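Hello,

Below is the structure I said I would hand over. My notes on it follow, grouped by topic.

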Amino acid sequence: MSILKLENISKSFGAVQALDGVNLSLDAGEVLGLMGDNGAGKSTLVKIIAGNFKQSSGSISFENQNVEFLKPMDARNKGIEVVYQDLALCDNLTAASNIFLTREITKSFGFIPILNFSKMFQRAKDIFKELKSETLPEEEVRMMSGGQRQAVAIGRTKLSQAKVVLLDEPTAAISVRQVAEVLELIKQLKKQGVAVLIISHRMPDVFAVSDRIAVLRRGKLVANKKANESSPEEVTALITGAIESA
Amino acid sequence: MKKKVKIKVSNLHEIGLLIALISVLLIFGFSTENFFTQRNFMSILRSASYVGLVAFPMTFVLITREIDISVGPAVAWSGVFFVILVKWFEFNYTFAAFIVLAWGLFLGYFIGIARTKLMIPTFITTLALWSALRGYSLFITEGRPLAISNKPFRYFFGGDVLGLPTVTWIMLMVFFIFWFLSKYTVLGTNIYAVGGNPKAARSIGLNVDKIKIITLMITSMFSALVGILFVARVSSGNSTVGEGMEFDVIAAVVVGGTALGGAVGTMTGTLLGVLFIAMISNGLIHWGIDPDLNKVVKGIIIFLAVVINSNVTFKKNSGNKEE
């Protein structure tokens, strides 16, 4: 049963048709790799799912209910979280503060609500343990490696018990060793029944974790098939247009 | 789990500043006759307190990557406005103070709305206010002080309580509140988040505009408060007070370790910065240095502080840049 279903999604910016009748669905515990060249419409699609943009036409259903996201908070409240390419981390805050940003746990100090650091640190520690990451909750993010930073960003989605996690280029611009770390994080999410959508340019990474691959070309979905029935060569051909569709 | 011994960079800066503060104290103390006197310390504390009252909220403004340079004229106009209300309109003092503080909040709100809705940099809006508020204060008072006679008000708010200037007690209380806000509250964390990465803060649903507006409102309100306290001190609403005060405030905050680029800064650092600037100003007078040269020295200090800030201590600390 699909948890997220996009039907006939189109989006135009003035005269530019960014997305054209895209149908896509995502199951719980499934990892979908979304691929496509620059400008193919990947980011637009993600932003529509995340509530940054409203689609020009078409509908989104979440857990079999029609939903409309007017702002990112609407999507987050439903359980859809995005991990942006830049990870949206504040370098000057600790890992725990980043995870709890906008969702801080407070306790009352007299009649004043104050931050409950011990509770937030403990919860953050548990989250990192679940993700099998060695990130320290009380450490400032600017001191961290690419893999640890990714763990903090993904940690946010764990906090809200997100059902759908969108990862925008999770393995771009990090070292090989850290890529393995990030792929492991994705596998942990899948194991816990989270539906994951990865957007990436890096073919081997996508094939390493994805159950299914979807390809966008010039705003149109040209392929949507099981990863083990496809190949990097075929996907490359689909992206460039050497093969029309598959 | 690995355990690393770390000294936080912010602490390092504060320790350095504390050492500098003590050194300056000793240098002035041993090289002049009247520096180490109770009377002089009261004087240093008093001038530091007026600056401090605005410097703490200004720390938040700088952390969120904004600035307010209208402090001096805002202080002057608030004092003039306060006296106009009690003298010309015969309002009672409490009610007049309430209106002036509310006016301060409105001023900050205006700066904030200009910044977040009209995209006008706070530097420009407050530069315009810097000119307009001073000009209007001079115009309406014709450049003359408007005297007030209420003795209890003057003696209490302009005088001393329990061995310290009243304004110093107020400043210490305000310091504690801001220290607490910065360390233990959601608002404090949000302010640092906005400074650390505004784009990220916005994308995960933080109301960046609201936080910027709040910090600007608080700062202007404290400028208004200082304006009222100045009236108590000089027994009049005076359109020429607070000249160059924006410089002292911003210098104190920056010397205290807050980065002009935002994200980094502490209230303890600002407190030390405020004391440092006040002590230097005072000590140079005791050395018999011309007040005009005093300004040159302060200029050099703020420049050196920024150099140290951006190149040594906080190289890795300035965070990602947005806007």
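**Two loop residues with positive phi**

Glu169(A) lies in the loop between E9 and helix H6 (176–191) of chain A. Please keep in mind throughout that this is a predicted model. The phi of Glu169(A) is near 45°, which is a positive value in a residue other than glycine. Most residues other than glycine have a negative phi. Is Glu169(A) buried or exposed? Its relative accessible area is 8%, and the cut-off for buried is under 20%, so Glu169(A) is buried.

Asn64(A) is another residue other than glycine with a positive phi, here near 65°. Asn64(A) sits in the loop between strand E4 (57–62) and strand E5 (65–67) of chain A. Asn64(A) has 58% relative accessibility, and exposed means over 50%, so Asn64(A) counts as exposed.

**Strands in chain A**

Strand E9 (residues 164–168) of chain A pairs with strand E6 (residues 80–83) of chain A. The two run in the parallel sense, over four bridges. In this pairing, Glu81(A) stands opposite Val165(A) of E9(A). Which way do the residues of E6(A) point? Ile80(A) and Val82(A) point one way, Glu81(A) and Val83(A) point the other way, and all are buried.

Strand E1 (residues 2–13) and strand E2 (residues 16–27) of chain A pair in the antiparallel sense, over eight bridges. Ser12(A) stands opposite Gln17(A) in E2(A). The hairpin of E1(A) and E2(A) has two residues between the strands, and Gly14(A) takes a positive phi near 60° there.

**Salt bridges**

How many salt bridges are there over all chains? A search of the whole structure finds 21. One of them joins Lys220(A) and Asp20(A), whose closest N and O atoms are 3.2 Å apart. Lys220(A) is in strand E12 (residues 220–226) of chain A and Asp20(A) is in strand E2 of chain A, so this pair ties together parts that are 200 residues apart in sequence. Lys220(A) is partly exposed, at 45% relative accessibility, and Asp20(A) is also partly exposed, at 30%.

Arg217(A) forms a salt bridge with Glu244(A), with the closest N and O atoms 3.1 Å apart. Arg217(A) lies in strand E11 (residues 212–217) of chain A, while Glu244(A) lies in the segment after helix H8 (232–240) of chain A, so the pair ties together parts that are 27 residues apart in sequence. Arg217(A) counts as buried at 15% relative accessibility, whereas Glu244(A) counts as exposed at 58%.

In chain B, Glu142(B) forms a salt bridge with Arg144(B), and the closest N and O atoms are 2.7 Å apart. Glu142(B) is exposed, with a relative accessible area of 57%. Back in chain A, salt bridges that share partners join Arg76(A), Glu81(A) and Arg103(A) into one network. Glu81(A) is one of the buried residues of E6(A) described above.

**Where the two chains meet**

On the chain A side, 29 residues are in contact with 28 residues of chain B. The size of an interface is often given as the accessible area lost when the parts come together. Here the area buried between chain A and chain B is about 2,200 Å², and carbon and sulfur atoms give 64% of it. In chain A, Asn92(A), Leu115(A) and Arg142(A) lose the most area to chain B, together 21% of what that side buries.

How many salt bridges are counted between chain A and chain B? The count is zero. Five residue pairs are found in polar contact across this interface. The elements that give two or more residues to the chain A side are helix H2 (72–78), strand E7 (106–109) and strand E8 (112–115) of chain A. E8(A) gives the most, with four residues. By type, the residues of the chain A side divide into 16 nonpolar, four polar and nine charged.

**A buried helix in chain B**

Helix H8 (residues 186–196) of chain B has nine of its eleven residues buried, so it is largely enclosed by the rest of the structure. The buried residues include Gly188(B), Ile191(B) and Tyr192(B). What covers the buried residues of H8(B) includes helix H3 (95–100) and E8 of chain A. From chain B, the cover includes helix H2 (38–63), helix H7 (166–184), helix H9 (198–203) and helix H10 (208–234).

Regards

Definitions and conventions. Residues are numbered from 1 along each chain as its sequence is written. Chains are lettered from A and ligands numbered from 1 in the order in which they are written. This is a predicted model: local features need pLDDT of at least 70, side-chain atom pairs count only at pLDDT 80 or more; totals for chains, interfaces and linings use all residues. Side-chain values use heavy atoms; hydrogens and water are left out. Contact means heavy atoms within 4.5 Å. Buried area is the accessible area (1.4 Å probe) that two parts lose on being put together, summed over both. A salt bridge is a side-chain nitrogen of Lys or Arg within 4 Å of a carboxyl oxygen of Asp or Glu. A polar contact is a pair of N or O atoms within 3.5 Å; within protein, one must be able to donate a hydrogen and the other to accept it, and residues adjacent in sequence count only if both atoms are side-chain atoms. Ala, Val, Leu, Ile, Met, Phe, Trp, Tyr, Cys and Pro count as nonpolar, Asp, Glu, Lys and Arg as charged, and the others, Gly among them, as polar. Two strands pair if DSSP finds at least two bridges between them. Buried means under 20% relative accessible area, exposed over 50%, partly exposed in between (1.4 Å probe, protein chains only).
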